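Biologist: I would like to go through this model with you, contact by contact. Could you put it up and settle a few terms before we start?

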2 protein chains.
Amino acid sequence: MNDKIKSNIQYTNAAPILAAVDCIIFGVQENELQLLVFKREVEPLSGQWSLIGDFIKKDESVAVAARRVLEEVTGFNDIYMKQLHLFGELNRDPGDRVLSVAYWSLIRIDQVHQSFKARNHESKWVSFNKIPDLVLDHNEMVNMAIQTLREKARFHPIGFELLPAEFTIPQLLMVYEAIYNRKIDDRNFRKKILKSELLDRLEKKDKSTSKKGSFLYKFNNETYKKLQKEGYYFDF
Amino acid sequence: MNDKIKSNIQYTNAAPILAAVDCIIFGVQENELQLLVFKREVEPLSGQWSLIGDFIKKDESVAVAARRVLEEVTGFNDIYMKQLHLFGELNRDPGDRVLSVAYWSLIRIDQVHQSFKARNHESKWVSFNKIPDLVLDHNEMVNMAIQTLREKARFHPIGFELLPAEFTIPQLLMVYEAIYNRKIDDRNFRKKILKSELLDRLEKKDKSTSKKGSFLYKFNNETYKKLQKEGYYFDF
DNA sequence: TCAAAAGTGTTATTACTACACCCATGT
DNA sequence: ACATGGGTGTAGTAATAACACTTTTGA
């Protein structure tokens, strides 16, 4: 199936349409869920805040296009990324009829620290509750993404995607508090997450945030797969 | 924003691509989740089983295109329908480079009884566990849709979308058993659904399936909205 | 009268919530 | 010695799962 494309268009009644990807990039910093926004570089609306995106090339798949855009700005190609929705209102883009498929992604705190601004685009992190006006329907995309992130986080262990591979329980708690924007009971959180056996405790401690130091854990993907098969779901 | 389209293409670097919608139509019949499949009418692969779909027109939104396709085959325009995913692998369609956005929909049993075959296409219902080989990546679409349906049904009361406005509890139970393909305890199901106050009992009974007759209920959308605000979720 | 589906309650177990104090350590 | 964040346990409440018999009525 990989080299079957014919050069002549067989579907003669159909009209081709421009198609783009836009990336919603989330991170957690300063105890808050944050969004990475960019200065738009093309007309119309050049200079306004925007999601990062690009047109899909004729010879690349949608998934590859999304990865390409994300990798171009972050430098990473192993980032958690999910398709959100295809936005296809007729006049969503005053520049032309353009379909846009939005992807949302979660960036790890340690990766965040490498400076993104070095990479080709003017950008900044903004708190999810102070998102500026963005071009086109990008605010709508972001709102849908936040809702999807919250739904997903409730039953799938994606909080880990926002942390380095080795993390502490207080860090993980902070991520969930940031995602849901509410306090979560410390002791109950611990009990629940440790009982699930989704975390393996390491022999090391992270002493960067306290004198006592906090044990480092890593996510146990084998347990996760096993629990998933049994119909377990993760609920915070 | 509604009449801003310019006739000249401003995005000069971008290549337009064909875009289509495909509809995954679910119903419940004979205690099983069923899928409506169609004989494909265009080359290539004409005559093989397929989802129903069409190209998106240059002057219609994606959502309108999906409604149009669904209404053309069913005659109904108030059917529950959600966007599933944009499928965009390079060579997913041997006829050309085509993006396809899949939608899934739930058809009510009473609507199903109006004969679809009268409406322009050769079609049949197939049980979800005996789905034939479909053209292109349509089997992949269906599998993703079943999974999404199950996830959605677990926390959103969409079982009702597969039933007439007035239904009995045994019917509703049957729908959930069909979606999850497993037995659900009768008494616990009743207790849970009645305690939620999502159902209003009518003074009528449906005597079509038993001599005793079973009370008819309807879904209380006001209670649902109220519960939703309070963070309630529906879990079977 | 009997077959077929509708309807009903209890108990044991498990999960959840709310809540306050001690621990370890670097300064 | 003290300030800071890390770590722990219990008890009351609510939700869940497992389980079997009676009711109604048309044929």
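Predicted model: local features only at pLDDT ≥ 70, side-chain atom pairs only at ≥ 80, totals over all residues.

Modeller: Gladly, and the residue classes come first: Ala, Val, Leu, Ile, Met, Phe, Trp, Tyr, Cys and Pro count as nonpolar, Asp, Glu, Lys and Arg as charged, and the others, Gly among them, as polar. Residues are numbered from 1 along each chain as its sequence is written, and chains are lettered from A and ligands numbered from 1 in the order in which they are written.

Biologist: Thanks! By class, which residues does the surface near DNA strand C have: how many nonpolar, polar and charged?

Modeller: A residue is near a strand if one of its heavy atoms lies within 4 Å of it. By that rule 19 residues surround DNA strand C, and the closest are A:Arg187, A:Asn188, A:Lys211, B:Arg187 and B:Lys191. Sorted by class, this surface has two nonpolar, five polar and twelve charged residues.

Biologist: Which element gives the largest share of the surface near DNA strand C?

Modeller: Elements here are DSSP runs numbered from the N terminus, with helices (H or I) of at least four residues and strands (E) of at least two. Helix 5 (186-195) of chain A, and from chain B helix 5 (186-195) and strand 10 (214-219), each supply at least two residues. With five residues, the largest share comes from helix 5 of chain A.

Biologist: How far from a phosphate oxygen of DNA strand C is the polar backbone atom of B:Phe215?

Modeller: A polar contact is a pair of N or O atoms within 3.5 Å; within protein, one must be able to donate a hydrogen and the other to accept it, and residues adjacent in sequence count only if both atoms are side-chain atoms. For the backbone atom of B:Phe215, the distance to a phosphate oxygen is 3.1 Å.

Biologist: Now DNA strand D. What does the side chain of A:Lys191 lie 2.8 Å from?

Modeller: A:Lys191 is listed among the closest of the 18 residues around DNA strand D, with A:Arg187, A:Ser214, A:Phe215 and B:Lys212. From chain B, a polar side-chain atom of B:Asn188 is 3.0 Å from a base nitrogen, and the side chain of B:Lys207 has an N or O atom 3.4 Å from a phosphate oxygen. At 2.8 Å from A:Lys191 is a base oxygen of DNA strand D.

Biologist: And which element gives the largest share of the surface near DNA strand D?

Modeller: The residues of this surface divide into two nonpolar, five polar and eleven charged. Of the DNA strand D atoms within 4 Å of the protein, 42% belong to sugar or phosphate and the rest to bases. The largest share of the surface, four residues, comes from helix 5 of chain B.

Biologist: Let's turn to the two chains. How many salt bridges does the rule find across the interface of chain B and chain A?

Modeller: 51 residues of chain B are in contact (heavy atoms within 4.5 Å) with 51 residues of chain A. The chains bury about 4,600 Å² between them, 59% of it on carbon and sulfur atoms; buried area is the accessible area (1.4 Å probe) that two parts lose on being put together, summed over both. The rule also finds 15 residue pairs in polar contact, both at pLDDT 80 or more. A salt bridge needs a side-chain nitrogen of Lys or Arg within 4 Å of a carboxyl oxygen of Asp or Glu, and the count here is zero.

Biologist: Last one: which side chains meet in a salt bridge at 3.4 Å, N to O?

Modeller: Chain A is divided into domain 1 (18-154) and domain 2 (156-229), with bounds from an automatic or database domain assignment. Their centres, taken over C-alpha atoms, are 27 Å apart, and the area buried between them is about 1,600 Å². Across the interface of these two domains the rule finds one salt bridge. The side chains that meet at 3.4 Å belong to A:Glu161 and A:Arg108.

How values were computed: Heavy atoms only, no water. Contact = heavy atoms within 4.5 Å.
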